[in-house]
Amino acid sequence: MNLSKKIVLLGHFGVGKTSLIRRFVDSAFSEDYLVTVGVHIKKKEVVVNDTTFNLIIWDVEGNTSIEKARSSYLLGTHGFFYVFDVSRPETFENLAEELKYLEENFPGIPYTLIGNKYDLIENDTSQDYFTQHHIFKNCKFTSAKTGNNVEEVFISLVSKLL
Amino acid sequence: MIEKIKNLIYNKKLQVIQLDKNGLVVDTENTVFNIKKNTKLTDLHPFFESIAPLFETLIEPIEFACVNLEIDNKEIIADINLIQEKGNLFITISDFTEHYEYSHPLVQDKNEAIIEKYKLAFERDLLFEKEKFKNTFLANINHEIRNPLNNLLGFMDILTEDKQLSYNQKETLNIMQKTGSHLKVLMDDMLDISKIEKGEIEVKHIPFNVRPLVKNLLKHFTSKFSNKPIETDLEIDENVPNRILGDPTRLNQILFNLINNAFLYTDTGNIKIKLDCNDKKVIDGKSFINFSISDTGKGFSKESIDTIFESYHQLQLKKIHPLGQGLGLKIVKELITVLHGDITVKSLEGKGTTFKFTLPFEVAKKTTGKKSVPKGSGILVSKRILIIEDKEVEQMLFMKLFLNNDKAYQIEIVKTPEQSLELLEQKKYDLIIMKMVFPSKNGLQVLKDITSHNNEKINSTPVLMVSGNAVLSEQEKILSAGAKDFLPKPFTKKELFSKLGEILKQ
């Protein structure tokens, strides 16, 4: 069985959404920040629990809030990633509202919270901040740069789509 | 004709594709992409694959703006519309690549600028936090040191009154006292810096005469450094007003530090102090007095001149006896800023230094009237003071301070706040002296227990709070909680008795 699933990455600009997809789909990374205008769509096949998933990943341009995103981009989404940058507080200071918006407007659609650029705070006391706040309880931390945890977060979201 | 022109421009940028419900191309133009009939659109690009589930339920048109597509090695950025018309499904692809690519660098710049803006703000906040931490740390450590220092200075004070001391012992004691007082000055300096940086500095606005203030300071230093062959010259222009409104304590502190510096760094030559007032420049009713302190001393090197006003820089300078000179220049700079003035320094290594600063002052109006002389019966009525102190060393210090005092103050000491309340019920006291921290209770709570006591005899007894925490906010807290007055540690016997005199006179 081949299942086509639409995955959308949301979050502020510059948090590394494009880099996460590039790491996951092409196993590549670039330090340069190139802004995403509009949407890029990539495809990758993954097998989870003997099921083949055809992931169609929507790399949406960054916005300070989901409300500002073009609503048509979110139509028919099967799973969301909400990505923030662990080194830039402005990208996670309104998390509660953002996640509430997702839950209210896309009920039943699974999402995963991702704290990207974790390599920047490795061996850093600011890690404590994320362990102390309840909102980060189910957050997954990734580094598109090192590749750490990237594959895992995609697979974990897909397994929620089963 | 118009239609023709329109078609000429837009036709090549617009492609309309008709689909059946399964996504099979029924009809199409080939203006943007070369698409064949009867092919599956969903196979051309994952975008179409992911919107395919919308085909069946489509009623209202849906617009997908700014979609990046790559088909057969051709990359475009398009607005794509999904339209249902009389049961037929249409997809339009409008190629806006040029338009979107043009805006790309603008968005890139905008986003980068925003990221940078937040980054700078974050770094600024971090610095503020660090500065706040430093100031709190300084204030706390200051507090911790003040208590033992108070005991040291207090007991040394008492020891000077001992007539049995030998010459050698007196000399030793003298040095110990000087060292202790120096330590106190350093503690005050440190606290001043942290107060200024926390914005807690209190600026007075009272009338005073600047002439005697400067003369006395110069006299003090000339006598202190009488062993150095230095000539002094004081020039106060007659246009400097006699009585001005401002903060004499802070002005004194500024001049003290600058004149002290001049004497310290000058081994021979002269020190010149000049004051004048630009009487033509008056802003908001304020005149500006220019002060200049120049010496023929060692001077500062080019490298160090930029940093002499910086925080704690003197602690790092090994050449000029770290710590020895206090934290003077930093305080000078900060105080002048607080007083809305400015300071400049010119220096040549080996030749000398000139500090110039300008401060705004209001000219005080002349007041007439006789000074009132307090009247009294001349008979000394002994006053009873209750002291709440749990530490033995401090108890002993109080006992010694009040021993044979010529004001005939009688003291009683209790160890705990609870005992004090018992005694207050039984006897009438003229004053209570207490501190801020007890093992069983916070001083503020004890204070409230006294001032809000239902027995008027107790709640009307004035309380003098003695604390090592000299931070302004702490003082305000204490005074608003009902204390009559506040005495910061370390204090001398003279300071304590002068404070008692003030309170008990009322």
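In strand S3 of chain B, Val67(B) is the bridge partner of Val39(A). That bridge belongs to a pairing between strand S2 (residues 39–48) of chain A and S3(B), which run in the parallel sense over two bridges. Two strands pair if DSSP finds at least two bridges between them. Helices (H or I, at least four residues) and strands (E, at least two) are DSSP runs, numbered from the N terminus.

You are looking at a predicted model, in which local features need pLDDT of at least 70 and side-chain atom pairs count only at pLDDT 80 or more, while totals for chains, interfaces and linings use all residues. Residues are numbered from 1 along each chain as its sequence is written, and chains are lettered from A and ligands numbered from 1 in the order in which they are written.

**Where the chains meet**

How many residues of chain B are in contact with chain A? There are 23 of them, and they touch 20 residues of chain A; a contact here has C-beta atoms, placed from the backbone, within 7 Å. Helix H3 (97–160) of chain B gives the most to this side of chain B, with nine residues. By class, this side has 15 nonpolar, six polar and two charged residues. For that count, Ala, Val, Leu, Ile, Met, Phe, Trp, Tyr, Cys and Pro are nonpolar, Asp, Glu, Lys and Arg are charged, and the others, Gly among them, are polar.

**Confidence**

The model scores ipTM 0.94 and pTM 0.59. Chain B averages a pLDDT of 85, with 92% of its residues at 70 or above; pLDDT is the predictor's confidence in each residue, from 0 to 100.

**Buried parts**

A residue is buried if 20 or more other C-beta atoms lie within 10 Å of its own, exposed if 12 or fewer, and partly exposed in between, with C-beta atoms placed from the backbone. A nonpolar core is a set of buried Ala, Val, Leu, Ile, Met, Phe, Trp, Tyr and Cys residues joined through C-beta atoms within 7 Å. The largest such core has 52 residues, and Trp58(A), Phe81(A) and Val83(A) are among those with the most contacts inside it. Strand S3 (residues 51–60) of chain A gives the most to this core, with six residues.

Now look at helix H9 (residues 328–338) of chain B, where nine of 11 residues are buried. Its cover includes helix H4 (167–197) and strand S12 (352–363) of chain B. Just after H9(B), His340(B) takes a positive phi of about 65°.

**A sheet in chain B**

Five strands form an open, parallel sheet in the order S14-S13-S15-S16-S17 (chain B). Strand S14 (410–414) and strand S17 (485–488) of chain B stand at the edges with a single partner strand each, so one side of each lacks a neighbour in the sheet. Inside the sheet, S15(B) and S16(B) pair over four bridges, and Met434(B) has Met465(B) in S16(B) as its bridge partner.

Technical notes: Two residues are in contact if their C-beta atoms, placed from the backbone, lie within 7 Å.
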